[in-house]
Amino acid sequence: MEGQGSEERLLLIQRLKAAVHYTVGCLCQDVAEDKGVRLSKQAVAAISEISFRQCENFAKDLEMFARHAKRSTITTEDVKLLARRSSSLLKYITQKSEEITSSNMEQKERKKKKSSAAKGVRTEEHPEAAVTESGDSNME
C-alpha cells in the first residue's frame, strides 16, 4: 500500500515538474524574442529545475510560518513575510492583497444590502410581521 502512495506522489511530482518546465520554456522563449537572444535547452532546463526547487522551498517556508503562528492556514501575511527580501515583490503582493481585501469588503456590503432589501420586501408583503417586529423592539 505504501508503495502505491509513494508511486502516485512521484507521478504527481513529475507532472508538476513537466508543467513548470513547459511554463518556464514559454517564458524563456518570450524573453529571448524580446531581447533578441537565444537560450539553449540546457539553460531552460536549469532554470526550470531551479524554479521548481525554489517553489518547494517557498512552500516549506510558508508552512513553517503558519505553524509558528499556530495556524493551519497560510495567510497573505505569511506570503508577505516570505517576500520581505524583495521590496518590489513585497510592494506588489501588498497591493494585490489590499485589492482583494477591498473587493471582498465590497462583495460583503452588496450581500448585506441585498439581504436588507429582501427583508424590506418581506415586511411590505406582510405588514403584520413588521408591526410585530417593531412592537417587540419597543418592549425592551
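Is valine 79 buried, partly exposed or exposed? At 29% relative accessibility, valine 79 is partly exposed, where buried means under 20% relative accessible area, exposed means over 50%, and partly exposed lies in between (1.4 Å probe, protein chains only). Here is a short tour of the chain around that residue and beyond. This is a predicted model, in which local features need pLDDT of at least 70 and side-chain atom pairs count only at pLDDT 80 or more, while totals for chains, interfaces and linings use all residues. Residues are numbered from 1 along each chain as its sequence is written, and side-chain values use heavy atoms, with hydrogens and water left out.

**The overall picture**

- The chain has five helices and zero strands, with helices (H or I, at least four residues) and strands (E, at least two) taken as DSSP runs and numbered from the N terminus.
- Along the sequence this reads as α-α-α-α-α.
- Of the 140 residues, 9% count as buried.
- The accessible surface comes to about 12100 Å², and 57% of that belongs to carbon and sulfur atoms; such areas come from the Shrake-Rupley method with a 1.4 Å probe, and for residues only the protein chains shown count as cover.
- Take the contacts (heavy atoms within 4.5 Å) between residues at least 6 apart in sequence: 26% of them join residues at least 24 apart.

- Valine 79 sits in helix α3, which covers residues 76–82.
- Leaving out residues up to four places away in sequence, valine 79 touches Leu62 and Ile93.
- Valine 79 and leucine 90 are eleven residues apart along the chain, and their C-alpha atoms are separated by 8.7 Å.
- Aspartate 78 also belongs to helix α3, and it counts as buried because its relative accessible area is 4%.
- Beyond its neighbours within four places in sequence, aspartate 78 is in contact with Leu62, Phe65, Ala66, Arg71 and Thr73.
- Alanine 83 lies in the loop between α3 and α4 and is buried, with a relative accessible area of 6%.
- The contacts of alanine 83, not counting residues up to four places away in sequence, are Leu89, Leu90 and Ile93.
- From alanine 83 to isoleucine 93 is ten residues in sequence and 8.1 Å in space, C-alpha to C-alpha.
- Lysine 70 has a phi near 60°, a positive value in a residue other than glycine.
- With 76% relative accessibility, lysine 70 counts as exposed.

**Salt bridges**

- Side chains of opposite charge can pair when their charged atoms come close.
- The whole structure holds five salt bridges, each being a side-chain nitrogen of Lys or Arg within 4 Å of a carboxyl oxygen of Asp or Glu.
- One of them joins lysine 17 to glutamate 49, with the closest N and O atoms 3.9 Å apart.
- That pair links distant parts of the chain, since lysine 17 is in helix α1 (residues 2–35) and glutamate 49 is in helix α2, 32 residues apart.
- Lysine 17 is partly exposed at 35% relative accessibility, and glutamate 49 is partly exposed at 27%.
- Another salt bridge brings together the side chains of arginine 71 and aspartate 78, at 2.9 Å from N to O.
- In that pair, arginine 71 is partly exposed with a relative accessible area of 30%, whereas aspartate 78 is buried at 4%.
- Lysine 80 pairs with glutamate 77, their closest N and O atoms being 3.2 Å apart.
- Both lysine 80 and glutamate 77 lie in helix α3, three residues apart, or about one turn of the helix.
- Lysine 80 counts as buried, at 17% relative accessibility.
- Elsewhere, salt bridges that share partners join Lys17, Glu49 and Arg53 into one network.

- Lys108, Arg110, Lys111 and Lys114 form a positive surface patch.
- Patches are made of residues with over 30% relative accessible area and no salt bridge, joining like charges within 9 Å and nonpolar side chains (Val, Leu, Ile, Met, Phe, Trp, Tyr) within 5 Å.
- For charges, Lys and Arg count as positive and Asp and Glu as negative, while His and the chain ends are not counted; the place of a charge is NZ of Lys, CZ of Arg, CG of Asp or CD of Glu.
- Lysine 111 is exposed, with a relative accessible area of 63%.
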